[in-house]
Amino acid sequence: MTYDFDTVIDRRGTGSVKWDLVDARFGTDGALPMWVADMDFRSPAPVVEALKKTAEHGFFGYATMLPAYYEAVIAWMKKRHGWSVQRDWICFSPGVVPALNLIVKAFTEPGDQVIVQSPVYHPFFALIERNGRRVLDNPLQLSNGRYQMDLSDLESKLTARARIMLLCSPHNPVGRVWSEQELKDLADLCLRHGLLVIADEIHHDLVYPGHAHTVFPTVREGLERCTIVCTAASKTFNLPGLHTSNVIIPEHRLRERFGEAAMRDKLGSPNPFGTAATEAAYRHGEQWLEEVLCYLSGNLDFVNRAAARVPGLKVIQPEGTYLVWLDLRQTGIPRGRLADFLCTEAKVAVEAGRHFGAKEDGFVRMNIACPRATLAEAWLRIERAVARPASSS
Ligand SMILES: Cc1ncc(COP(=O)(O)O)c(C=O)c1O
């Protein structure tokens, strides 16, 4: 390996949401932050170099995306995802969530329904409901430790007010990398019912061996006319604080509508650091990505071995993302305390499943993108905390 992912680098006091807000958010003292989705790994060296170069130039005026930026995005999408993207399809957004928020507002009316598949990335619910739209939940089904879509449930619930399918692919928090066939079946339903699909593919590069991400609009003819794909280098290369994402809209009328809404709502313009970092990551970051994927696979193996020592704890095996969905329902932790147990007793700050719209108490999401030593400390804390009630009773 060229890159070192093992060294623990202190991020406290750097204004990191993950590290500096953890205790305030979870009401703990000294909790290990394994919640918000960023990595405790330094970004690739070429990204840091590009940022230094930008800083040293000393001009931080309003920025735009140059042809070289578009070329880098297009080449990445082609090479890593087999999708031929045209330059004018790429629209800027300072983040995927602001883009989703804008799209929901621009393409629906108050009272319209937006389909989500819970448990799912929690801002989806807020951006629908706070805009006066309604959530149409099509819960994923857990069977034999694996989540699946339930399209007959979805079809039976569809009303004339259902407008948008908000697809999370790969899926946060359950870690599914949807197969081509699953996406084809979903696509057929969306095409039959005239739904606009927003494919949030921000985790597209973070896929474990044996799985392959499929870009949604590539699975069926005609999907490019009704799909908006949201991507970024932010999850892949740990750049989310640079607020740069790419909203890819092949169909020109959809693009115009997005562009008008972006102007109206003042979505914002690119910043020189975000574009420099994204371009450098896509041009020179592939080696780092391969290595980080390998390290994450090792972390996942570690989690599986550690979890096997905690009676009743099940790991829902992620096929992608560095987020792991843990099932604590059989651990013997008293019901009603399941969600907060790891935070308050083990001092490991993980996200409670209920935030993702999980129907049942007892699931949490753990971020495993950290040095192995941090992961080991977290699992030691968990093992001890789970053993405590059993030994004291
Ligand atoms: C599925 C999904 N979409 C969007 C985001 C956040 O995107 P951004 O920071 O670009 O708004 C995340 C972050 O974890 C995510 O998991």
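Predicted model: local features only at pLDDT ≥ 70, side-chain atom pairs only at ≥ 80, totals over all residues.
I'll start with the chain as a whole. It has 14 helices and 15 strands. The C-alpha atoms fill a box of roughly 65 × 55 × 35 Å along the principal axes. For 393 residues, a compact globule would have a radius of gyration near 21 Å, and the chain has 21 Å, so the two agree. Of those 393 residues, 46% are buried. On contacts, take the pairs at least 6 apart in sequence: 74% of them join residues at least 24 apart.

Now the backbone. As background, most peptide bonds are trans, and most residues other than glycine have a negative phi.

One runs from Ser169 to Pro170, with omega near -10°. The other runs from Asn172 to Pro173, and its omega is near 15°. Where do they sit? Pro170 is in the loop between strand S7, 162-168, and helix H8, 180-192. Pro173 also lies in the loop between S7 and H8.

Asn144 has phi near 50° and is not a glycine. You'll find Asn144 in the loop between strand S5, 141-143, and strand S6, 146-148. Lys347, again not a glycine, has phi near 55°. Its loop connects helix H13, 338-344, and strand S13, 348-349.

Are these two residues buried or exposed? Asn144 has 5 C-beta neighbours inside 10 Å, and the cut-off for exposed is 12 or fewer, so Asn144 counts as exposed.

Last, the ligand. How many residues surround it? There are 13, and the closest are Ala37, Gly95, Val96, Val97 and Asn172. So much for the names; by type, the shell divides into 8 nonpolar, 4 polar and 1 charged.

To recap the places to look at on the screen: the S7 to H8 loop for Pro170 and Pro173, the S5 to S6 loop for Asn144, and the H13 to S13 loop for Lys347.

Note on methods. Residues numbered from 1 in each chain as written. Helix = DSSP H or I, 4+ residues; strand = E, 2+ residues; numbered from the N terminus. Buried ≥ 20, exposed ≤ 12 C-beta atoms within 10 Å, placed from the backbone. Rg over C-alpha atoms; globule rule 2.2 N^0.38 Å. Contact = placed C-beta atoms within 7 Å. Near = placed C-beta within 6 Å. Nonpolar A, V, L, I, M, F, W, Y, C, P; charged D, E, K, R; others polar.
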